[in-house]
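Please keep the model open as you read.

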Amino acid sequence: MKPRILLTYYSMTGHTRQLAEELRSALQADLEEIREPRPRHGLSGVLRALFEAILRREPPIGMPSHDPAAYDLLALGGPVWAGRMASPLRSYAHRLAGRCPRVAFFCTEGGRGAQQAFDDLGELCGKAPEATLVVDAEHLPADRHRETLHRFVVKLRTELPAPGQ
Ligand SMILES: Cc1cc2nc3c(=O)[nH]c(=O)nc-3n(C[C@H](O)[C@H](O)[C@H](O)COP(=O)(O)O)c2cc1C
């Protein structure tokens with residue numbers, strides 16, 4: 001039996017959504033988008049994003065529609081903000097990542113801070129990721145990230161223990 005994968009992501013400007021859609025079909029995963037009761041628009045949205053990232057805030061998020069406890073792996077993705085994982089994804093990870101036995105991380109970024117964001121996320125989840133994937137936003141939707149994406153998918157699809165093991 002194949003491992004059941006839940007792919008949860010947050011995206012403010014659409015890059016991570018695009019990556020998550022690509023991963024969804026490659027991983028045959030269920031998809032959960034984190035939504036916020038207070039959407040971020042314009043300059044004030046960007047400033048709030050920066051402020052929350054720097055102070056490691058965990059803003060309110062909407063009720064998710066999937067329970068991570070029903071899956072073998074939770075793949076968490078979002079944009080890097082100020083060298084940290086985007087605050088709505090931090091909120092989700094802190095509350096819900098403990099419900100799934102394994103995690104993997106992916107992000108989109110502008111060239112700096114992905115490893116620090118993953119370290120921060122690993123602490124919130126209380127476990128190290130099975131695999132990670134970093135995609136520079138400039139490479140979307142071009143083909144330059146195909147190989148790293150393929151490696152991430154193969155690792156999660158073929159190297160995870162079968163369900164129940
Ligand atoms: C508030 C803010 C802070 C950002 N900080 C970083 C950063 O520290 N390092 C980086 O490489 N990119 C940074 N970026 C760029 C985003 O990570 C990148 O554009 C990402 O693909 C956006 O994802 P999204 O479209 O899914 O929201 C930042 C963008 C915003 C809006």
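## The model and a first question

How many bridges join β3 to strand β4 (residues 84-85)? There are two, and the strands run antiparallel. This is a predicted model, in which local features need pLDDT of at least 70, side-chain atom pairs count only at pLDDT 80 or more, and totals for chains, interfaces and linings use all residues. Residues are numbered from 1 along each chain as its sequence is written.

Helices (H or I, at least four residues) and strands (E, at least two) are DSSP runs, numbered from the N terminus. Two strands count as paired if DSSP finds at least two bridges between them.

## Strand β3 and its partners

Strand β3 covers residues 73-81, and nine of its nine residues are buried (20 or more other C-beta atoms within 10 Å of a residue's own, with C-beta atoms placed from the backbone). Five bridges pair β3 with strand β1 (residues 5-9) in the parallel sense; here L73 is the bridge partner of I5. Strand β5 (residues 102-109) also pairs with β3 in the parallel sense, over seven bridges, and G78 has C107 as its partner there.

On the β4 side, W81 stands opposite R84. The β3-β4 hairpin has two residues between the strands, and A82 takes a positive phi near 50°.

## F118 in helix α4

F118 sits in helix α4 (residues 114-125). Why does F118 count as buried? Because F118 has 21 C-beta neighbours inside 10 Å.

Leaving out residues up to four places away in sequence, F118 touches F105, P129 and T132 (contact means C-beta atoms, placed from the backbone, within 7 Å). F118 and T132 are 14 residues apart along the chain, and their C-alpha atoms are separated by 8.1 Å.

Definitions and conventions
A residue is buried if 20 or more other C-beta atoms lie within 10 Å of its own, exposed if 12 or fewer, and partly exposed in between; C-beta atoms are placed from the backbone. Two residues are in contact if their C-beta atoms, placed from the backbone, lie within 7 Å.
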